[in-house]
Amino acid sequence: MLEAILSYLWTATLASLIQIGIFLVPGLVLAFILNIESGFVERRALLSMGRGWYLGLFGWLGTIVHELGHAIFCIVFGHKITAMKLFDPDPKTGTLGYVEHSYNSANVYQQVGNFFIGIGPILLGTAIIYFLSYLLLGLNPLT
């Protein structure tokens with residue numbers, strides 16, 4: 001009986017890991033490739049137009065959306081925003097903006113919020129791209 005239970009648990013665990021791998025690995029590989037490519041494009045753009053022009057044309061919008069992604073989830077999960085700069089390039093540190101926040105570490109809801117605050121820019125950026133494509137291209141989300 002114990003052998004059957006252990007065999008079942010091993011099979012279920014292995015099947016779950018395979019399914020998680022099938023679900024996550026292609027996205028992670030694509031993200032890795034896109035990260036390498038975006039770094040290459042950024043370096044070439046910086047060389048050709050300079051930091052000021054690059055940030056003026058591209059950096060400000062992405063940084064604002066990124067920081068707002070953090071800030072929105074700070075509010076949703078009840079964190080106190082202590083300082084926020086949506087776009088303030090600092091050549092010494094390389095930061096373009098930031099959101100500083102504090103929370104009650106004894107509150108489980110606020111602890112879980114740290115995860116969503118971390119991925120907030122991904123969620124907000126995706127939502128904005130989806131909404132803009134819907135608006136600009138006339139895409140129907142249900143088809």
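Glycine 78 counts as partly exposed because its relative accessibility is 44%, where buried means under 20% relative accessible area, exposed over 50% and partly exposed in between (1.4 Å probe, protein chains only). This is a predicted model, in which local features need pLDDT of at least 70, side-chain atom pairs count only at pLDDT 80 or more, and totals for chains, interfaces and linings use all residues. Residues are numbered from 1 along each chain as its sequence is written, and side-chain values use heavy atoms, with hydrogens and water left out.

- Glycine 78 sits in the loop between H2 and strand S1 (80-85); helices (H or I, at least four residues) and strands (E, at least two) are DSSP runs, numbered from the N terminus.

**Packing of H1 and H2**
- Helix H1 (residues 2-49) packs against H2 at an angle of about 120°, and their axes are 7 Å apart; the axes are lines fitted to C-alpha atoms, for helices over the stretch in contact, and angles run from 0 to 180 degrees between N-to-C directions.
- H1 is therefore oblique to H2, given that angles under 35 degrees count as roughly parallel, over 145 as roughly antiparallel, 65 to 115 as roughly perpendicular and the rest as oblique.
- H1 contributes Glu42, Ala45, Leu46 and Met49 to the contact, and H2 contributes Arg51, Trp53, Tyr54, Leu57 and Phe58; contact means heavy atoms within 4.5 Å.

**Residues of H2**
- Glycine 52 belongs to helix H2 and is exposed because its relative accessible area is 57%.
- Glycine 59 is also placed in helix H2, but it is buried, with a relative accessible area of 10%.
- Not counting residues up to four places away in sequence, glycine 59 touches Tyr54 and Phe87.
- Glycine 59 and valine 99 are 40 residues apart in sequence and 17 Å apart in space, C-alpha to C-alpha.
- Threonine 63 lies in helix H2 (residues 51-76) and counts as buried because its relative accessibility is 7%.
- The residues that threonine 63 touches, not counting those up to four places away in sequence, are Leu86, Phe87, Leu96 and Gly97.

- Leucine 135 is located in helix H3 (residues 108-137), and its relative accessibility of 52% is why it counts as exposed.
- Glycine 52 and leucine 135 are 83 residues apart in sequence and 31 Å apart in space, C-alpha to C-alpha.
- A nonpolar patch on the surface is formed by Ile128, Phe131, Leu132, Tyr134, Leu135, Leu136 and Leu137, which together have about 730 Å² of accessible area.

How values were computed: Patches are made of residues with over 30% relative accessible area and no salt bridge: like charges are joined within 9 Å, nonpolar side chains (Val, Leu, Ile, Met, Phe, Trp, Tyr) within 5 Å. Accessible areas come from the Shrake-Rupley method with a 1.4 Å probe; for residues, only the protein chains shown count as cover. A salt bridge is a side-chain nitrogen of Lys or Arg within 4 Å of a carboxyl oxygen of Asp or Glu.
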